[in-house]
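The following paragraphs lead through one protein structure, strand by strand and then to its ligand. Please keep the sequence and the three-dimensional view at hand while reading.

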Amino acid sequence: MNEGAVLECRGVSKSFVQGPEVLSVLREVDFDVARGERVAVVGRSGSGKSTLLHILGGLADPDRGVVRIEGRSVAEMGPNARARLRSERLGFVYQFHHLLPEFTALENVAMPLLLAGVAPADSAQRAEAMLGAVELAQRTSHLPSELSGGERQRVAIARALIANPAVVLADEPTGNLDRETAERVFEVMMTLAERSGTAFVVVTHDTAIAQRMDRSVSLRDGGIHAS
Ligand SMILES: Nc1ncnc2c1ncn2[C@@H]1O[C@H](COP(=O)(O)OP(=O)(O)OP(=O)(O)O)[C@@H](O)[C@H]1O
Ligand SMILES: [Mg+2]
């Protein structure tokens, strides 16, 4: 076990069976992320980036191999422990925001705290501060449908970070934003990460963003390569 790692991925393999075909997407992937480290994952479309992220976050199981978050094997957790891990130690940012449409920006951001049993007034106060940090103090009562794409993405980032997770897994968080907004969203993410010591694994096609991370790895032929 790697003591300094917040996330460890050892010999992870994953195939998809489609009729007579077996598609081997990940082959014995080894990948560690240190506490607070920011890693970009790049690779061509279909190379397995989202598949890897899902496995790292316990949303999918590998065929072989082990994923440990803060030293604990995800496979050995029952469904409740896994759900708790996801809501308390991990944050997710998806390419398309996945906000709850019937809830306001404030409610969306407060949701992880409410689910973790934090009192409503406390949750709302922290969500408000977090929305301020992503420069959305004036948008707290807007519904997702009343926000721009970049604003929604910032709400999603605020939500991913509100419970001080150990690791945020982000799948092309700036993929559908214009360059300037992408830069701003990225900056906000990095500033908040630094403040809370949160590690980031960010899938991105954006080489400018990949270069600004601590490290960049490339997924190719089912394996991880330094890039
Ligand atoms: N549930 C599934 N069943 C069968 N095949 C799948 C499944 N999920 C993913 N795949 C296949 O696995 C490969 C990797 O998919 P994945 O979504 O991880 O790629 P990606 O690197 O994220 O690509 P992109 O950059 O386009 O998002 C693809 O060829 C995809 O068709
Ligand atoms: Mg993908």
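Strand β3, residues 38–42, is mostly covered, as five of its five residues are buried. Buried here means under 20% relative accessible area, exposed means over 50%, and partly exposed lies in between, with a 1.4 Å probe and protein chains only. Helices (H or I, at least four residues) and strands (E, at least two) are DSSP runs, numbered from the N terminus. From β3, Arg38, Ala40 and Val42 point one way, whereas Val39 and Val41 point the other way, and all are buried.

The model is a predicted one, in which local features need pLDDT of at least 70, side-chain atom pairs count only at pLDDT 80 or more, and totals for chains, interfaces and linings use all residues. Residues are numbered from 1 along each chain as its sequence is written, chains are lettered from A and ligands numbered from 1 in the order in which they are written, and side-chain values use heavy atoms, with hydrogens and water left out.

The partners of β3 come next. Strands of a sheet pair through backbone hydrogen bonds, either parallel or antiparallel. Two strands are counted as paired if DSSP finds at least two bridges between them. β3 runs parallel to strand β8, residues 199–203, and four bridges join the two. In β8, arginine 38 has phenylalanine 200 as its bridge partner, and valine 39 has valine 201. Strand β9, residues 215–220, also pairs with β3 in the parallel sense, over four bridges; there, valine 39 stands opposite arginine 215.

β8 is largely enclosed by the rest of the structure, because five of its five residues are buried. Ala199, Val201 and Val203 point one way from this strand, Phe200 and Val202 point the other way, and all are buried. Strand β7, residues 167–171, pairs with β8 in the parallel sense over five bridges, and valine 167 of the pairing stands opposite alanine 199 in β8.

An open sheet shows antiparallel pairing: its four strands follow the order β2-β1-β4-β5. β2 and β5 (72–73) stand at the edges, each with a single partner strand, so one side of each is left without a neighbour in the sheet. Within this sheet, β1 and strand β4, residues 64–69, run antiparallel and are joined by five bridges. The bridge partner of glutamate 8 in β4 is arginine 68.

Helix α1 is mostly covered, with six of its eight residues buried. These buried residues are Lys49, Thr51, Leu52, Leu53, Ile55 and Leu56. After α1 comes glycine 58, whose phi is positive, near 70°. The loop between α1 and β4 contains proline 62, which counts as partly exposed at 22% relative accessibility. Proline 62 and arginine 215 are 153 residues apart in sequence and 24 Å apart in space, C-alpha to C-alpha.

A residue is near a molecule or strand if one of its heavy atoms lies within 4 Å of it. Of the 13 residues around ligand 1, Ser45, Gly46, Lys49, Ser50 and Thr51 come nearest. The shell divides into three nonpolar, eight polar and two charged residues. In this division, Ala, Val, Leu, Ile, Met, Phe, Trp, Tyr, Cys and Pro count as nonpolar, Asp, Glu, Lys and Arg as charged, and the others, Gly among them, as polar.

Individual atoms complete the picture of the ligand. An oxygen atom of ligand 1 lies 2.8 Å from a backbone N or O atom of glycine 46. An N or O atom in the side chain of threonine 51 is 2.6 Å from an oxygen atom of ligand 1. Ligand 1 exposes 640 Å² when taken alone, and the protein buries 62% of that. Accessible areas come from the Shrake-Rupley method with a 1.4 Å probe; for residues, only the protein chains shown count as cover.

Helix α3, residues 105–115, holds asparagine 108. Asparagine 108 is buried, with a relative accessible area of 1%, and its side chain reaches the backbone oxygen of phenylalanine 103 at 3.0 Å.

Notes: Polar contact = N/O pair within 3.5 Å; in protein donor to acceptor, adjacent residues only side chain to side chain.
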